[in-house]
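Okay, thanks for coming, everyone.

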Amino acid sequence: MHPSHLIAALLKLLAASLLLISFAMLSRRRTQRLITLFAWQGAVLFMSTLLVAHSAGLRELYYSAALTLLLKVIALPWILHRLIHRLGAQWDSETLVNIPTTMLVGLGLVIFAFGLAQPISRMATTITRNTIGIALAVIFLAFLMMITRRKAVTQVIGFLAMENGLFFAATSATYGMPMVIELGIALDLLVGFFILGIFFFQIREQFDSLDLSNMEALKED
Amino acid sequence: MSLAGETSRYMVAFAKHDLSFLLMLICGWVILGIVGLVRPHRMGWIARILFPVGALIALGIAVLGAIALLSGHAPQIFLLPLGLPNLPFHARLDTLSGFFLLLLGMAGAGISTFAAGYFRSGEGTAPGLLCLQYHVFLASMALVILADDAYFFMVAWETMALSSYFLVTAQHRIPEIRRAGFLYLLMAHIGALCILLCFGVLQGGRWLFTFDAMRGASLTSFWASAAFLLALIGFGAKAGLVPLHVWLPEAHPAAPSPVSALMSGLMLKTAVYGMLRITFDLLHIRYWWWGVLVLGVGLFSALFGAIFAAVQTDMKRLLAYSSIENIGLIFTGIGLAILFEACHLPLFAALALAAALIHSLNHSLFKSLLFLATGSVLHATNQRSLGKLGGLIRRMPWVAALALIGTLAIAGLPPLNGFVSEWLLLQSFLFTPQIPHAFLNMLIPLGAAVLALTAALAAYVMVKFYGVIFLGQHREPSLVHAHDADWLERIGLAWLALGCVAIGVLPQLALRAAGAVTETLLGQAVNLTSPFWLIAPITSRQASYSGLILLAGIIGVVGITFVGVRILAHGRMRRTVPWDCGYPWQTSRMQDTAEGFGQPIRHIFDPFFDMERELPFPTDVAPHYRIHIEDRMWKTLYLPIARGVQRLADWIGLLQGGRLSTYLLYSFLTLIVLLGFVL
């Protein structure tokens with residue numbers, strides 16, 4: 001087997017597992033499990049970036065893979081674990097609205113994403129072009145997860161997962177974004193994450209819980 | 001002869017730099033305002049120095065306006081070193097702006113002199129700040145008149161609205177005044193929005209916003225009509241045409257009296273100016289139905305204002321409604337002018353337009369005079385309600401005498417100026433049979449009947465105004481301490497009264513000024529060749545009027561009677577108490593009141609009002625009769641609009657459910673839909 005074919009096949013496998021993890025996140029109740037899944041998603045992203053970097057011979061993509069490893073596989077999951085530990089929310093689970101329906105909606109979204117990706121992948125010249133549809137699907141599924149969840153921490157995980165999808169879309173369509181933009185996004189992510197961490201404590205102080213349905217009371221009549 | 005030649009040559013040389021002098025004077029107003037801010041609480045300095053200097057500047061502007069009007073020069077153009085890059089401010093001085101500057105300067109000089117004596121330090125805005133707002137208001141009105149591009153016009157227009165808003169809310173600690181100010185600002189903004197849209201239509205797709213470019217734009221009949229209607233709504237809201245008049249009876253009483261005078265006398269005229277500028281200068285064509293529309297709205301406003309003025313019990317509200325009536329008369333004239341012009345009868349159009357212009361000038365004089373007189377009364381008595389005044393002619397002889405001239409003028413009695421413009425307006429109605437439309441030339445003479453009714457009602461209103469305030473007995477014991485106006489106030493009032501008499505006695509002066517304007521706008525002026533003491537707008541055989549002869553006649557008759565009575569009845573006169581009708585226990589509360597005087601009108605025009613009456617029980621020991629009159633427009637027009645807006649807002653408010661996931665769903669669905677378009 002030709003090495004480039006092997007790499008392409010591996011990339012497809014990784015992309016498929018990314019999608020699988022996204023579906024898994026959609027159906028998990030426990031916050032802790034979600035963080036683990038998020039870390040796994042980051043790991044898959046790291047591996048795929050590494051593969052693309054190797055096949056395209058781009059040094060910048062190695063850096064960006066290293067950044068992914070540091071930030072999304074190690075730092076953020078660790079901080080999230082500590083955070084829910086301190087918030088005493090590690091055993092939180094939420095009642096989800098009808099998991100099968102959510103799954104079906106997710107399935108529809110995946111089909112929509114693939115349809116949407118077709119004209120883009122025809123224009124792209126990268127070896128990863130077939131995975132653009134999956135990247136879009138990951139974004140949509142993360143968004144769907146944010147919509148169906150009630151807890152503040154899971155909202156943030158959904159947000160981070162969406163960023164993963166964007167990152168994957170960037171690497172698969174154009175071999176990654178320029179380094180400056182990527183660094184900027186990484187920094188934004190960290191800062192945003194810290195701000196949200198502060199919000200968690202504030203929300204809990206106000207409502208004695210991290211359940212966002214309490215915030216409905218803030219609406220002005 | 002040589003002196004006259006010398007003078008005219010001097011005038012020509014001066015007129016070349018007219019516009020730059022004018023702009024410098026306007027700058028002077030703004031500088032005065034800023035100087036006032038340096039020591040904002042030094043009342044003496046601001047009142048005795050800054051306001052009189054402002055009055056002198058106003059006088060200078062009046063002179064320059066008159067020179068521009070009568071020198072017969074081509075319009076002057078000036079590019080101001082202000083504005084945005086690539087979008088400088090253009091100023092232009094032609095006869096129309098000259099006429100309105102003359103009006104602004106003449107009335108402004110009197111009002112500023114009066115204001116010098118009027119403003120006292122007290123609660124509300126500091127005098128220095130008031131001085132700034134006042135002079136910025138004056139300057140922005142002058143700039144509105146001089147502006148020659150839409151951008152400059154709108155900047156000046158909005159400055160005018162804002163500065164007057166702050167002046168209206170000078171007593172901002174009183175909630176009703178804040179409410180009145182808000183209503184005024186709201187209507188001013190709706191109007192400004194319409195004017196902005198009107199300019200957007202007028203540029204005709206070339207995206208050039210100078211008035212010169214707009215004159216050259218050729219619009220289709222649909223777009224020309226759209227521009228005209230937008231201008232009518234926009235300027236109508238500022239002028240107070242019914243049904244956009246609701247702010248006027250609220251804002252005018254709320255403002256300090258000199259400000260009411262400025263707003264009613266001058267600011268409403270800038271709306272008239274804008275209407276004339278757009279209709280007769282910027283639009284290249286006029287349709288007859290525009291004229292009918294303006295005529296109808298004007299007549300209705302005039303009648304409406306007069307009827308409502310008759311039932312008011314607050315003296316400043318009464319004058320505010322009377323302003324609506326007068327603005328209605330002015331727009332009636334404009335409507336007739338449009339109609340005649342569209343029917344290719346330029347001479348009659350010139351007559352109607354001259355009537356409208358002269359009435360604008362007259363109204364700025366006598367309405368300012370009356371508003372200022374109410375200010376003096378207010379200061380002397382602290383009363384605005386007509387029910388608590390009375391008999392002031394003995395305590396305030398100066399104010400009473402000067403206000404009498406104003407009331408006679410506004411009531412349209414010869415030989416004062418109100419008669420001149422109303423006579424000209426009625427004259428122009430007489431030519432409507434020449435209009436080549438079968439129904440119009442039969443219907444429009446009915447308008448003349450409405451006009452006559454309005455004039456009679458206005459006279460009725462003024463009898464009530466003057467009689468209840470100045471004649472009879474004091475209705476409150478505290479009125480004994482009322483004092484007359486101080487000398488600066490008297491000078492201001494006397495200046496305006498002098499203007500009323502001058503135009504009334506020598507109407508040829510005003511007609512010549514208006515003739516210069518109609519010459520530029522319509523290419524035709526009424527007959528100006530008659531001698532200075534006579535006006536005969538079409539031909540002297542048809543109709544002519546001479547204020548001077550009438551005045552001489554009046555003086556002669558009164559003099560002969562006076563002397564005759566002195567000779568015949570001399571020595572047989574005795575002074576005694578008046579007959580008490582056989583009922584010796586009369587008190588001053590038994591006089592005819594403002595309510596009582598207005599009762600017949602209230603009865604006859606009942607359908608116009610929205611009345612609530614509280615009648616006392618026959619057994620009541622201390623009976624009180626209360627009546628509350630409201631404008632029907634509130635319930636029939638404004639409340640439904642307000643409710644609709646509220647319902648729409650509630651409906652949109654449903655989007656705000658408070659649930660985070662719903663908000664996320666909105667953005668998600670938006671994303672999906674937008675991506676669906678890409679697909």
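Predicted model: local features only at pLDDT ≥ 70, side-chain atom pairs only at ≥ 80, totals over all residues.

B:P243 sits in the loop between α9 (221-239) and α10 (248-254) of chain B.

As a reminder, most residues other than glycine have a negative phi, and most peptide bonds are trans. Now look at B:H344: not a glycine, yet phi is positive, about 60 degrees. You'll find B:H344 in the loop between α13 (315-342) and α14 of chain B. Is B:H344 buried or exposed? B:H344 has 8 C-beta neighbours inside 10 Å, so B:H344 counts as exposed.

Then slide along to the loop between α14 and α15 of chain B, where B:N382 lies. B:N382 is no glycine either, and has a positive phi of about 60 degrees. Here there are 12 C-beta neighbours inside 10 Å, so B:N382 counts as exposed. The cut-off for exposed is 12 or fewer.

Okay, zooming out to chain B as a whole. We've got 23 helices and four strands in chain B. Its radius of gyration is 27 Å, close to the 26 Å from the globule rule for 679 residues, so chain B is as compact as a globular protein of that length. Along the principal axes, the C-alpha trace of chain B spans about 110 × 80 × 65 Å. As for burial, 49% of the 679 residues of chain B count as buried. And if you take the contacts in chain B with a separation of 6 or more, 79% of them are between residues 24 or more positions apart.

So what's in the middle? In soluble globular proteins, nonpolar side chains tend to be buried together. In this model the largest nonpolar core has 222 residues, and B:A142, B:A354 and B:L369 have the most contacts inside it. Helix α14 (residues 346-381) of chain B gives the largest share of this core, 20 residues. Apart from that core lies another one, of 54 residues, including A:L18, A:L34, A:L45 and A:V110. Back on the chain B side, B:A142 touches B:I26, B:I61, B:L101 and B:L104, leaving out residues up to four places away in sequence.

Over to chain A, then, and one residue to look at: A:S22, in helix α1 (residues 3-27). A:S22 has 25 other C-beta atoms within 10 Å, so A:S22 is buried. Leaving out residues up to four places away in sequence, A:S22 touches A:V138, A:L141, A:A142 and A:A161. From A:S22 to A:F140 the sequence runs 118 residues, but C-alpha to C-alpha they are 9.6 Å apart in space.

Last stop, the place where the chains meet. How many residues does the contact take from each chain? Eleven come from chain B and twelve from chain A. On the side of chain B that touches chain A, seven are nonpolar, three polar and one charged.

Terms used: Residues numbered from 1 in each chain as written. Chains lettered and ligands numbered in written order. Contact = placed C-beta atoms within 7 Å. Nonpolar A, V, L, I, M, F, W, Y, C, P; charged D, E, K, R; others polar. Core = buried A, V, L, I, M, F, W, Y, C linked by C-beta atoms within 7 Å. Buried ≥ 20, exposed ≤ 12 C-beta atoms within 10 Å, placed from the backbone. Helix = DSSP H or I, 4+ residues; strand = E, 2+ residues; numbered from the N terminus. Rg over C-alpha atoms; globule rule 2.2 N^0.38 Å.
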